[in-house]
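Here is a short briefing to read alongside the coordinates. Have the viewer open and follow along topic by topic.

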Amino acid sequence: MDAKDGCIFCQILAGTRPARMVYEGDELVAFEDIRPQAPTHLLIVPRRHLPSLREAVEEDEAVLGRMLTVASRLARERKIESQGYRLVINNGSWAGQSVDHLHIHLLGGRAFHWPPG
Ligand code: 5GP
Ligand code: ZN
C-alpha cells in the first residue's frame with residue numbers, strides 16, 4: 001500500500017472527496033478548511049504527495065515557492081492583506097500536524113496571538 005493511499009488530501013486532489021476549491025493550478029491547489037479557525041482559512045496543497053516538509057527535496061523548491069506566491073495572491077483576493085494574515089505549516093505531532101500531506105494554512109480575518117499556543 002502506497003503512503004498516499006488513504007490520504008484525504010490526495011482524495012480531494014483526485015476528486016473523490018468533496019472540497020470547496022478556491023485555486024487549481026498545475027502543481028498545487030487551494031481549498032477551504034473544513035473546520036475553519038478564522039473567517040478566512042484556506043489550505044494550500046501541492047498535488048505531489050509529500051507527507052511533510054521533511055520529505056521535500058531540491059526538485060520541490062519551485063512548488064514550495066509557488067505555494068507562497070499563491071498564498072499571497074489569495075490573501076489579496078480575500079482582502080485580508082492590509083490587516084495582516086498568518087501562514088502556518090505544522091510539521092509532526094508536537095506541531096499538531098493531523099494530515100500527512102504537506103499544506104500551508106492561510107488564516108486571516110481576525111487578530112492572532114504570538115507566541116502561538
Ligand atoms: P494540520 O493539522 O495537519 O496542520 O491541518 C489539517 C487541516 O485539514 C485541519 O485544519 C483540518 O480541519 C483540515 N481537514 C481535515 N480533513 C479535511 C477534509 O476532509 N476537508 C477539508 N477541506 N479540510 C480538512
Ligand atoms: Zn496525499
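What follows goes through the metal site, an aromatic pair, the salt bridges and a surface patch. Please keep in mind that this is a predicted model. The zinc ion (ligand 2) has four donor atoms in a tetrahedral arrangement, and a search of the whole structure finds five salt bridges.

**Zinc site**

- The zinc ion (ligand 2) is held by Cys-7 (SG), Cys-10 (SG), His-49 (ND1) and His-101 (ND1), at distances of 2.0 to 2.3 Å.
- Angles between the four donor atoms run from 105 to 117°, so the arrangement is tetrahedral.
- For reference, the ideal angle for four tetrahedral donors is 109.5 degrees.
- Along the sequence, the donor residues follow the spacing C-x2-C-x38-H-x51-H.
- His-49 sits in the loop between β3 (40–46) and α2 (61–77), while His-101 sits in the loop between β4 and β5 (104–108), so the two tie together parts that are 52 residues apart in sequence.
- His-49 and His-101 are both buried.
- Ile-8 is partly exposed, because its relative accessibility is 30%.

**Aromatic pair**

- The count of aromatic pairs comes to one.
- In this pair the ring centres of Phe-9 and Phe-31 are 5.4 Å apart and the planes stand at 80°, so the pair is edge-to-face.
- Phe-9 belongs to helix α1 (residues 8–14) and Phe-31 to strand β2 (residues 28–32), so the pair links distant parts of the chain, 22 residues apart.
- Both Phe-9 and Phe-31 are buried.

**Salt bridges**

- One of the five salt bridges joins Arg-78 to Glu-32, with the closest N and O atoms 3.4 Å apart.
- This pair links distant parts of the chain, 46 residues apart: Arg-78 is in the loop between α2 and β4, and Glu-32 is in strand β2.
- Arg-78 is partly exposed at 31% relative accessible area, and Glu-32 is partly exposed at 22%.
- Glu-77 and Arg-73 form another, with 3.7 Å between the closest N and O atoms; both residues lie in helix α2, four residues apart, or about one turn of the helix.
- Arg-76 and Glu-81 meet in a salt bridge at 3.6 Å, N to O; Arg-76 is partly exposed at 45%, as is Glu-81 at 40%.

**Surface patch**

- Leu-68, Tyr-85 and Leu-87 form a nonpolar surface patch, with about 240 Å² of accessible area together.
- Tyr-85 lies in strand β4 (residues 85–88) and is partly exposed, with a relative accessible area of 30%.

Definitions and conventions. Residues numbered from 1 in each chain as written. Chains lettered and ligands numbered in written order. Predicted model: local features only at pLDDT ≥ 70, side-chain atom pairs only at ≥ 80, totals over all residues. Heavy atoms only, no water. Patch = residues over 30% accessible without salt bridge, like charges linked within 9 Å, V, L, I, M, F, W, Y side chains within 5 Å. Areas by Shrake-Rupley, 256 points an atom, 1.4 Å probe, with all protein chains shown as cover. Salt bridge = Lys/Arg side-chain N within 4 Å of Asp/Glu carboxyl O. Buried < 20%, exposed > 50% of the residue type's maximum accessible area, 1.4 Å probe, protein only. Donors = N, O, S within 2.8 Å, 3.2 Å for Na, K, Ca; no water. Tetrahedral: all angles 85-135°; square planar, octahedral: opposite > 155°, others 65-115°. Phe/Tyr/Trp six-rings, centres within 6.5 Å; stacked < 30°, edge-to-face > 60°.
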